[in-house]
Amino acid sequence: MALMEEFDCYIDNWKLDFSGESLVHNDTGEIRKLGEYQFRLLSELAGNAGKVLLKEELLAVVWPGRVVGINSLLTAVHSVRKAVDDDGHQQKIIHTVPKVGYCLSEAHLRQEPRKHTGPAEPEAVSALHPGSGCHPQNRHSAVGGSAPANTSSGTTVHRSVPERCVIALIIITAYIAICLDLFW
């Protein structure tokens with residue numbers, strides 16, 4: 001999610017406010033506060049716009065280290081759709097890929113360079129390119145690897161949040177195994 005740190009991310013007229021885990025409307029200034037997990041879900045979908053994310057991957061990334069059922073994901077998707085003025089029937093922004101996962105449409109996402117109060121950044125990351133669509137062949141493995149994004153200067157920025165989640169899960173699993181070994 002390195003792109004999210006340097007850019008303001010918009011879904012239609014709604015700006016993602018990462019510090020407040022909310023959405024802010026461009027024109028009216030209305031603030032829609034999301035829950036921690038709903039905002040995590042929206043951030044993950046936005047960071048992988050145009051790619052189908054598997055349900056299991058979303059569960060692992062949005063609720064790391066927690067055992068939750070598929071209903072938690074369904075409820076979070078419903079809440080996120082409502083927050084961005086989408087619904088399960090039209091699915092103009094968040095598409096359901098039946099029995100696979102979810103995809104945020106690139107056509108409704110834009111990123112603009114964040115306005116800095118200090119000196120300008122030397123590199124600018126290009127905006128997301130529309131057109132890949134939400135198809136199962138565009139499935140991104142949130143657990144299995146990085147998804148590079150090319151910058152205007154030719155360098156590559158890797159999204160490392162999923163990788164950190166995998167490492168955290170490995171560490172937690174090892175810790176639990178050690179604790180069980182010590183106390184049993």
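Reply: A contact means heavy atoms within 4.5 Å of each other. Among contacts between residues at least 6 apart in sequence, 58% join residues at least 24 apart. This is a predicted model: local features need pLDDT of at least 70, side-chain atom pairs count only at pLDDT 80 or more, and totals for chains, interfaces and linings use all residues. Residues are numbered from 1 along each chain as its sequence is written, and side-chain values use heavy atoms, without hydrogens or water.

Of its 184 residues, 36% are buried (under 20% relative accessible area; exposed is over 50%, partly exposed in between; 1.4 Å probe, protein chains only).

Now the part itself: H2 against H4. H2 covers residues 36–47 and H4 covers 70–83. H2 has 12 residues and reaches 16 Å from its first C-alpha to its last. Its buried residues are Phe39, Leu41, Leu42, Ser43, Glu44, Leu45, Ala46 and Gly47.

How do the axes of H2 and H4 cross? They come within 9 Å and cross at roughly 75 degrees (lines fitted to C-alpha atoms over the stretch in contact; angles run from 0 to 180 degrees between N-to-C directions). H2 is therefore roughly perpendicular to H4 (65 to 115 degrees). On the H2 side, Gln38, Leu41 and Leu42 make the contact. H4 brings Leu73, Ala76, Val77, Ser79 and Val80. Six of these residues are nonpolar, two are polar and none is charged. Here Ala, Val, Leu, Ile, Met, Phe, Trp, Tyr, Cys and Pro count as nonpolar, Asp, Glu, Lys and Arg as charged, and the others, Gly among them, as polar.

H3 spans residues 55–62, and its buried residues are Glu57, Leu58, Leu59, Val61 and Val62. The cover over them includes H2, H4, strand S5 (53–54) and strand S7 (101–104).

Next comes the loop that leaves H4. Aspartate 85 sits between H4 and strand S6 (94–97). Its phi is near 60 degrees, a positive value in a residue other than glycine. Why does aspartate 85 count as partly exposed? Because its relative accessibility is 42%.

Alanine 168 lies in helix H5 (161–183). Its C-alpha is 8.4 Å from that of proline 64, 104 residues apart along the chain. At 32% relative accessibility, alanine 168 is partly exposed.

Definitions and conventions
Helix = DSSP H or I, 4+ residues; strand = E, 2+ residues; numbered from the N terminus. Expected span 1.5 Å × (residues − 1). Parallel < 35°, antiparallel > 145°, perpendicular 65-115°, else oblique.
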